[in-house]
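Please look through the sequence and the structure shown below, and keep both at hand while reading. The report that follows goes through the model part by part.

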Amino acid sequence: MDVLSEVLKAVKLDGAVFFHGEFAAPWCAREPDSGTMASYLPTQAGHIIIFHLLLEGRGYVRLEQEDRAVPLTSGDIIVLTHGDAHFMGNGPPVTPVDTSLQIRQILSEGRMLSQLAGGGEVTKLICGYLTCDAQLCRVVLAGLPAMLKVNIRDTPSGQWLENTLRYSVDHAEASGPGGAAVIAKLSEALFVETLRRYIAQLPHTQTGWLAGVRDPDVGKALALLHQQPARPWTIAALAVANTTSGPGSPTDLDGEMLRLALRRDGDGDGVCGATDNCPGAFNPDQADADGDGRGDACESGVLIVEVFYD
């Protein structure tokens, strides 16, 4: 079983593109946080992940609470995993344009084209979002930075996604019935491809469940944990179930490579070791509505286990 696919299936992402932007330098726009965007949507959105795909030109992105700007080039996709407010722009510093009201109008009217005219170099963007259950997203996104960037043009799958999404957005008004659904699914596929690329680029010293997904043996162990979350797994039991590693090998699950976060505060919620009723999810309140000793955070259908390497 591909554990990443199973986890993302349980999260049930729902994507959409909210505008296709054409901006001429110098320009700077302040994009609202996900909570503000959620208030503009007709239905309860849960958690919102914001993304921007740079089609042409150059630009930068900067989180509102930080000073460092991240440069962007054609083919870059930037994902705001926690939906933070941020600035985007290109060229010399100018007064930022707050796009909150514009985005509200775009979302209510379904109008996708947005423009800022500065007279200089043109930057073209596709901007969108994905929604998911807030609790499930918090678990899955826990191992990701607030902002991640990858370039998708150096692989055939990434090029196909970009070209198909671009065509669909350009012809959205004439696409006929089902056009919005196509764009939504392409947005989801774009996020998954970005996540896969990010995982592939993680350093070998990286810890966390995303790093574990990349390792063939650790990934199988995580898959077993996900398939049978109620079973009282031990390292020895996982080693028996996963027999692909030889004794003493670097990936021997019965050896010293793999440890579960039951021995530390792997989810960062302040509750350590075996006292944590859900060691794979951030749950400082240790809520357990049915009193079965298993935290509510672990009964949401997704189990994330922290792994690390010695």
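Is Arg 30 buried or exposed? In this predicted model, Arg 30 has a relative accessible area of 18% and is therefore buried, given that the cut-off for a buried residue is under 20%.

**Confidence in the model**

The mean pLDDT of the protein chain is 75, and 71% of its residues reach 70 or more. Some stretches call for caution, among them residues 244-266, over which pLDDT stays under 50 and for which the model has 56 contacts beyond four places in sequence.

**Salt bridges**

The count of salt bridges in the model comes to 10. Three of them are set out here, with the distance given from nitrogen to oxygen.

| Salt bridge | N to O distance |
|---|---|
| Asp 98 and Arg 30 | 3.9 Å |
| Lys 124 and Glu 56 | 3.9 Å |
| Lys 149 and Asp 76 | 3.9 Å |

In the salt bridge between Asp 98 and Arg 30, Asp 98 belongs to strand 8 (residues 97-98) and Arg 30 to strand 2 (residues 27-31), so this pair ties together parts that are 68 residues apart in sequence. While Arg 30 is buried, Asp 98 has a relative accessibility of 45% and counts as partly exposed.

The salt bridge between Lys 124 and Glu 56 connects strand 10, where Lys 124 lies, with strand 3 (residues 47-56), where Glu 56 lies, so the pair ties together parts that are 68 residues apart in sequence. Lys 124 counts as partly exposed at 21% relative accessibility, and Glu 56, with a relative accessible area of 30%, is partly exposed as well.

Lys 149 and Asp 76 form a further salt bridge; because Lys 149 lies in strand 11 (residues 147-151) and Asp 76 in strand 6 (residues 76-80), the pair ties together parts that are 73 residues apart in sequence. Lys 149 is partly exposed at 34% relative accessibility, whereas Asp 76 is buried, with a relative accessible area of 6%. Salt bridges that share partners also join Arg 30, Glu 64 and Asp 98 into one network.

**Strands and sheets**

Strand 1 covers residues 14-24, and nine of its 11 residues are buried, so this strand is largely enclosed by the rest of the structure. Strand 1 pairs with strand 10 (residues 122-132) in the antiparallel sense over 10 bridges, and within this pairing His 20 has Ile 126 of strand 10 as its bridge partner. In the loop between strand 1 and strand 2 lies Pro 26, which is joined to Ala 25 by a cis peptide bond with omega at about 0°.

An open sheet of five strands, with mixed pairing, has the order 5-4-7-2-8. Strand 5 (70-73) and strand 8 stand at its edges, and because each has a single partner strand, one side of each is left without a neighbour in the sheet. The partner of strand 5 in the antiparallel sense is strand 4 (residues 58-63), over four bridges, and Arg 58 stands opposite Thr 73 in strand 5.

**Nonpolar cores**

Which residues touch the most other members of the largest nonpolar core? In this core of 44 residues, they are Leu 13, Ile 49, Leu 53, Ile 77, Leu 165, Leu 190 and Phe 191. Helix 6 (residues 179-200) supplies the largest share of the core, namely seven residues. Leu 190 touches Phe 51, Leu 53, Ile 77, Ile 152, Leu 161 and Leu 165, when residues up to four places away in sequence are not counted. A second, separate core has 26 residues, including Leu 54, Leu 72, Leu 80 and Ile 103.

**A buried threonine in a loop**

Thr 81 is found in the loop between strand 6 and strand 7 (86-90), and with a relative accessible area of 0% this residue is buried. Leaving aside residues up to four places away in sequence, Thr 81 touches His 47, Ile 49, Leu 141, Leu 144, Pro 145, Ala 146, Met 147 and Leu 148.

Note on methods: Residues numbered from 1 in each chain as written. Predicted model: local features only at pLDDT ≥ 70, side-chain atom pairs only at ≥ 80, totals over all residues. Heavy atoms only, no water. Buried < 20%, exposed > 50% of the residue type's maximum accessible area, 1.4 Å probe, protein only. Helix = DSSP H or I, 4+ residues; strand = E, 2+ residues; numbered from the N terminus. Pairing = 2+ DSSP bridges. Salt bridge = Lys/Arg side-chain N within 4 Å of Asp/Glu carboxyl O. Core = buried A, V, L, I, M, F, W, Y, C linked by side-chain atoms within 4.5 Å. Contact = heavy atoms within 4.5 Å. pLDDT = per-residue confidence, 0-100.
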